[in-house]
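Look through the sequence and the model first, then read on.

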Amino acid sequence: MFTLRVASEADLDFMVRIDLADEGITHECPQRHTKADFTRCRQKMISYINDFRIGVWVYEDRISSCLVGLIICRFRNLLNEPSTDANLFLLKYLERDIFPENGRFTELYQLWVDPEFRRQGLATNLKRHIEIESLRRSVNMIYTHTEEVNSHVIDLNLKLGYREVRRGPICNEVIRVSLIKNLTTVELNQT
Ligand SMILES: CC(C)(COP(=O)(O)OP(=O)(O)OC[C@H]1O[C@@H](n2cnc3c(N)ncnc32)[C@H](O)[C@@H]1OP(=O)(O)O)[C@@H](O)C(=O)NCCC(=O)NCCS
């Protein structure tokens, strides 16, 4: 019924809509997006699709051909990536020894499932897919964070074998929970 596939530029409208909606993130005031926001977001998504370090996968409902799920992650290496503010950002909040010695980890950016298709295991499958893709790239750790109020997202991660490594503000006063999962080849056999 659903196909999980790599996103392409044909999926940009969907990706931009989900990214700008920012569901699961607390905003002080209602979000109003300008045309410039849409253009910037579209450019960002195009760069994601074309960057070999970034993985974007979508779930498509085969019956309606509608896109019903999205996951975006970045395959990182702390040892050889440029020391930009964006790259150093997480290390301001997390101890270096949380990350593998070889510096390689997957950072989960975006996870979304259409409300009509929730609680059917789609997010679980998307996250499992990232595990396999990480292992294929010899990456053995996944990092994610979510707001403390998203207890269902925390539960989803705990069910998948993630463990909490930090709880506190990141980038603003909202309390966020940081979770990691250390992967073993067992994950390869679970699909
Ligand atoms: C979070 C989200 C991706 C979950 O997608 P999903 O496909 O419904 O998740 P799954 O069906 O794989 O759920 C797996 C488990 O997670 C937990 N879970 C997920 N959604 C839950 C909810 N709304 N309430 C309680 N538990 C929930 C449950 O333990 C669930 O297992 P169960 O259904 O057997 O009880 C989806 O609700 C969503 O897109 N939310 C908006 C975007 C968002 O918040 N993204 C994360 C931001 S960090």
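**Briefing: a buried cysteine, its sheet and the ligand shell**

C73 counts as buried because it has 28 C-beta neighbours inside 10 Å. Buried here means that 20 or more other C-beta atoms lie within 10 Å of a residue's own; exposed means 12 or fewer, and partly exposed is in between, with C-beta atoms placed from the backbone. This is a predicted model, in which local features need pLDDT of at least 70, side-chain atom pairs count only at pLDDT 80 or more, and totals for chains, interfaces and linings use all residues. Residues are numbered from 1 along each chain as its sequence is written.

**The chain as a whole**

- The chain has six helices and seven strands. Both are DSSP runs numbered from the N terminus: helices are H or I with at least four residues, strands are E with at least two.
- From the N terminus, the order of elements is β-α-α-β-β-α-β-α-β-α-β-β-α.
- The chain's radius of gyration is 16 Å, close to the 16 Å that the globule rule gives for 191 residues, so the chain is as compact as a globular protein of that length. The radius is taken over C-alpha atoms, and the rule is 2.2 Å times the number of residues to the power 0.38.
- Along the principal axes, the C-alpha atoms fill a box of roughly 45 × 40 × 30 Å.
- Of the 191 residues, 26% count as buried.
- Take the contacts between residues at least 6 apart in sequence: 71% of them join residues at least 24 apart. A contact means that two C-beta atoms, placed from the backbone, lie within 7 Å.

**The sheet**

- Seven strands form an open sheet with mixed pairing, in the order β1-β2-β3-β4-β5-β7-β6. Strands pair if DSSP finds at least two bridges between them.
- The edge strands are β1 (2-6) and β6, and each pairs on one side only.
- From one strand to the next, the twist averages 25°. Axes for such angles are lines fitted to C-alpha atoms, for helices over the stretch in contact, and angles run from 0 to 180 degrees between N-to-C directions.
- β6 (residues 163-169) and β7 (residues 175-182) run antiparallel and are joined by six bridges. R163 has I180 in β7 as its bridge partner.
- The hairpin of β6 and β7 has five residues between the strands, and C171 takes a positive phi near 70° there.

**C73 and strand β3**

- C73 lies in β3 (residues 67-77). Nine of the 11 residues of β3 are buried, so "mostly covered" describes this strand.
- On one pairing, seven bridges join β3 to β2 (residues 54-61), and the two run antiparallel. E60 stands opposite L67 in β3.
- β3 also runs antiparallel to β4, through nine bridges. C73 stands opposite L108 in β4, and R74 stands opposite E107.
- Leaving out residues up to four places away in sequence, C73 touches G55, T106, E107, L108, Y109 and I130.
- C73 and E23 are 50 residues apart in sequence and 17 Å apart in space, C-alpha to C-alpha.

**The loop between β2 and β3**

- The hairpin of β2 and β3 has five residues between its strands, and S65 takes a positive phi near 65°.
- S64 is also in the loop between β2 and β3. It counts as exposed because it has 8 C-beta neighbours inside 10 Å.
- S64 and M1 are 63 residues apart along the chain, and their C-alpha atoms are separated by 9.6 Å.

**Helix α1**

- M15, V16 and I18 are the buried residues of α1 (residues 12-21).
- Their cover includes α2 (35-50), β3 and β4.
- D22 follows α1 and has a positive phi, near 55°.

**The ligand shell**

- Of the 19 residues around the ligand, G24, R118, A123, T124 and L156 come nearest. A residue is near a molecule or strand if its C-beta atom, placed from the backbone, lies within 6 Å of it.
- β4 (104-113), α4 (122-136) and α5 (151-159) each supply at least two residues of the shell. The largest share, five residues, comes from α5.
- The shell divides into seven nonpolar, seven polar and five charged residues. Nonpolar covers Ala, Val, Leu, Ile, Met, Phe, Trp, Tyr, Cys and Pro; charged covers Asp, Glu, Lys and Arg; the others, Gly among them, are polar.
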